[in-house]
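User: I would like to know how the terms used for a protein model follow from its values. Please take them one at a time.

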Amino acid sequence: MDGSICRKHSCHLCCLETEMELTGADIDRLENMGFSGFYQEIDGIRTLMNRDGRCFFLDRNNLCSVYADRPVGCRSYPLMMELETYEGFLDELCPHAEEFMVDPEDMIALHTIIGELEARR
Ligand code: SF4
Ligand code: SF4
């Protein structure tokens with residue numbers, strides 16, 4: 001999704017108290033960059049770690065320190081998917097959700113992410 005909307009509003013709300021789930025490719029990519037200790041695994045579900053309520057990767061300037069390599073879920077947000085119907089929707093917890101445009105490629109990417117995450121459960 002378009003990060004320019006986040007930058008326009010200087011918003012980093014979804015990087016606070018994040019519960020973003022990570023794919024195996026996310027973990028491999030970030031570990032290969034030298035990071036460790038950035039995720040937790042509970043009941044087989046791997047999510048980003050927070051430190052003092054902030055995502056492990058959120059820097060002092062409230063910017064993502066791994067923006068170009070951020071997890072695929074972070075790239076897709078605020079687009080989410082209803083798991084029973086596989087319909088996409090924009091998360092109402094994002095204060096600027098109505099400004100995001102959803103194109104078919106976003107939905108295809110989200111299907112791929114959800115498919116991988118579901119396969120682990
Ligand atoms: S909450 Fe919405 S506008 Fe704010 S950083 Fe996240 S996606 Fe961007
Ligand atoms: S990885 Fe980056 S974009 Fe994703 S929650 Fe953390 S700081 Fe935000």
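Analyst: Two strands pair if DSSP finds at least two bridges between them. Helices (H or I, at least four residues) and strands (E, at least two) are DSSP runs, numbered from the N terminus. This is a predicted model, in which local features need pLDDT of at least 70 and side-chain atom pairs count only at pLDDT 80 or more, while totals for chains, interfaces and linings use all residues. Residues are numbered from 1 along each chain as its sequence is written, and chains are lettered from A and ligands numbered from 1 in the order in which they are written.

User: What makes strand E5 and strand E6 a pair?

Analyst: Four bridges join E5 (residues 79–82) to E6 (residues 87–90), and at least two are required. The two strands run antiparallel. Met80, for example, has Phe89 in E6 as its bridge partner. Four residues lie between the strands of this hairpin, and Tyr86 there has a positive phi near 60 degrees.

User: How do you know that strand E1 and strand E2 pair?

Analyst: The test is again the number of bridges: E1 (residues 39–42) and E2 (residues 45–48) have four, in the antiparallel sense. Glu41 is bridged to Arg46 in E2. The hairpin of E1 and E2 has two residues between the strands, and Asp43 in the turn has a positive phi of about 50 degrees.

User: Why is Ser10 called exposed?

Analyst: A residue is buried if 20 or more other C-beta atoms lie within 10 Å of its own, exposed if 12 or fewer, and partly exposed in between, with C-beta atoms placed from the backbone. Ser10 has 8 such neighbours, so it counts as exposed. Ser10 sits in the loop between helix H1 (3–8) and helix H2 (24–32). Its phi is near 45 degrees, a positive value in a residue other than glycine.

User: Why is Asp52 exposed?

Analyst: Asp52 has 6 other C-beta atoms within 10 Å, so it is exposed. Asp52 lies in the loop between strand E3 (50–51) and strand E4 (54–55). Although not a glycine, Asp52 has a positive phi of about 50 degrees.

User: What makes Cys15, Leu22, Leu48, Cys55, Phe57 and Leu58 a nonpolar core?

Analyst: A nonpolar core is a set of buried Ala, Val, Leu, Ile, Met, Phe, Trp, Tyr and Cys residues joined through C-beta atoms within 7 Å. These six residues form the largest such core. A second, separate core of five residues includes Met1, Tyr77, Leu79 and Leu110.

User: How do you know which residues surround ligand 1?

Analyst: A residue is near a molecule if its C-beta atom, placed from the backbone, lies within 6 Å of it. For ligand 1 the residues are Ile5, Cys6, His9, Cys11, His12, Leu13, Cys14, Tyr77, Pro78, Cys94 and His96. The peptide bond from Tyr77 to Pro78 is cis, with omega near 10 degrees.

User: What classes make up the shell around ligand 1?

Analyst: Ala, Val, Leu, Ile, Met, Phe, Trp, Tyr, Cys and Pro count as nonpolar, Asp, Glu, Lys and Arg as charged, and the others, Gly among them, as polar. The shell around ligand 1 therefore has eight nonpolar, three polar and no charged residues. The shell around ligand 2 has 10 nonpolar, one polar and one charged.
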